[in-house]
Amino acid sequence: AEGARWSDNDSAAGCNGSSGGDHTSASEERYVFYTHQVGGHFCMVKPLPGTRLEVELPLRTHGRSGDNCIVHGGKVILKPFDADEERFYCQLPDGTLAPLQPFTPLFYGTKKLRREQLETLTTGGKEASLAKGIRQPERMPSDPPDVRESQFSLQHVRRYLVLEDLGGNASKPAFLDLKVGCRQRAARHNAQKREHMARKAAQSTSAALGFRICGMQCYDRMSGEVQRYDKYWGQQVGVDAMSKSLAMFFADGHEGPLSGVCGDLVEEVVRKLQLLEATLRQLPGMRFWGSSLLIFFDAALAEEGHTEAFLRSVQLKMIDFANFENVGGELSDEEYLCGVRNLQIFLRGLLEGWASDSSIETKLSAPPCPKLQDLEQQHAFEALQRSRRAPLAASARDPRDFGAETASEDDPSGHLSANAQTISGATGRNLLRELASHRIVPARADNGNASGAGLGCILESDPESHSNLDDLFA
């Protein structure tokens, strides 16, 4: 989001030291876990009410600008940083992806939180205790458990993407998080991981419908209490229960035909889905692997009878772009489009009252053959491996490019120093598995024989593994 877009949304108090009124200093910034999060692997963070935070502006085409901007905390959330996702948002304003801007949250830049700010995060009040179906986080899970402790002990700051909070001004924000696509894909997935994700998709509605429910937050009209359902609940929703589940979010469980404000709500979402579908068809070669759709509205406006304001609050946004890929070619992302089309069919079924009929299956779009995107994913995987090997090859030719001195054959410490750059931050069992995968430490099969496979059989109590490690680092 450029400065002009910020001013249009009244979210920025001042940039580059310009006057924007008194604001909270960095030392006084306070944060809590985002209590309205219904999906995702990592916990998002929300500035406390009244906080204004200093945000580093996004990358420009000519490099990092270094400019900062003061942003009103009530209108943003902080998502754990991912370089690929930042790259996606930075290339949105210009070029091929520009038509997607109405369907993505505003991106303000990045923010670094200090260690002491992370250690004092809380769940943020009474509302969190009212959540049903959501396990509140005990700590900040931004990394796998085995790696988290070692990295956190070394890092004094942690970086976040600063994104628009769709429910920032809502009294009763309702969210529906849908993972779209016939399976989870990413360029980093090897063959084994791809097979696992295909089996996992077949166990949910992803393989059949092209989407599944990741989580949702809605409000019971009788009691007025918030109802939350997480991804584990969503994984149990089958094709036959999808209509009922969507009706819980859009119509308080009523499966149609819909009229009044509920009918208007569903019609507005269908209209936005049609616009999104038309936009995606204009983006050949773009693969939105791992992306989700987030549907939002302020339920309080409907309860208060403010129908026009309620319909203006309805938003449909694509989120989660860490695995986005441009694979080239002339074909659109048919797996993503399959989910968008079938979601429209279910919603039209709610409007017209036939969503729960068995006839709906005859109206659904069949998922596309996975072979094409399987091949695209394999090519993306190979390209990623080549890009990772290129810096290592350059380092071997001229280690000075990486700040190291040339290592001679008589100086083994130089070679160890260069090779150490390829070792990850893994510890314990993860480190043993990584070393075994490089045949440095043999993995132990169940029969006691060393094997290059069966990495899951490595035990931290294995004395031979420990002796191999001792030999390696002696």
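Which charged end sits over the ring of Phe 381? The charged end of Arg 194 does, 5.7 Å from the ring centre. Such a charge is counted when NZ of Lys or CZ of Arg is within 6 Å of the ring centre and within 35 degrees of the ring normal. Arg 159 also lies over a ring face, that of Phe 81, at 4.3 Å from the ring centre.

A word on the model comes next. This is a predicted model, in which local features need pLDDT of at least 70 and side-chain atom pairs count only at pLDDT 80 or more, while totals for chains, interfaces and linings use all residues. Residues are numbered from 1 along each chain as its sequence is written, and side-chain values use heavy atoms, with hydrogens and water left out.

Now the interior. In soluble globular proteins, nonpolar side chains tend to be buried together. A nonpolar core here is a set of buried Ala, Val, Leu, Ile, Met, Phe, Trp, Tyr and Cys residues joined through side-chain atoms within 4.5 Å. Buried means under 20% relative accessible area, exposed over 50%, and partly exposed in between, with a 1.4 Å probe and protein chains only. The largest core has 74 residues. Leu 100, Phe 250, Phe 288, Leu 293 and Leu 347 have the most contacts inside it. Helix α13 (residues 334-352) gives this core its largest share, 9 residues. Helices (H or I, at least four residues) and strands (E, at least two) are DSSP runs, numbered from the N terminus. Another core, of 16 residues, lies apart from it; Val 55, Leu 78, Leu 106 and Leu 121 are among them.

Look closely at Phe 288. Beyond four places in sequence, its contacts (heavy atoms within 4.5 Å) include Leu 97, Leu 100, Met 318 and Asp 333. Ring pairs also link Phe 288 into a cluster with Phe 88, Tyr 89, Phe 107, Phe 321, Phe 324 and Tyr 336.

The structure holds 13 aromatic pairs. Rings of Phe, Tyr and Trp (its six-membered ring) pair if their centres lie within 6.5 Å; planes under 30 degrees apart are stacked, over 60 edge-to-face, and the rest tilted. Phe 297 and Phe 310 are edge-to-face, because their planes stand at 80°, with ring centres 5.5 Å apart. Phe 297 belongs to strand β13 (residues 292-298) and Phe 310 to helix α12 (residues 307-313), 13 residues apart. Both are buried.

Finally, two loops. Asp 252 lies between α9 (242-250) and α10 (260-280). Its phi is near 55°, a positive value in a residue other than glycine. Asp 252 counts as partly exposed because its relative accessibility is 38%. Asp 320, in the loop between β14 (315-319) and β15 (325-326), has a positive phi near 70°.
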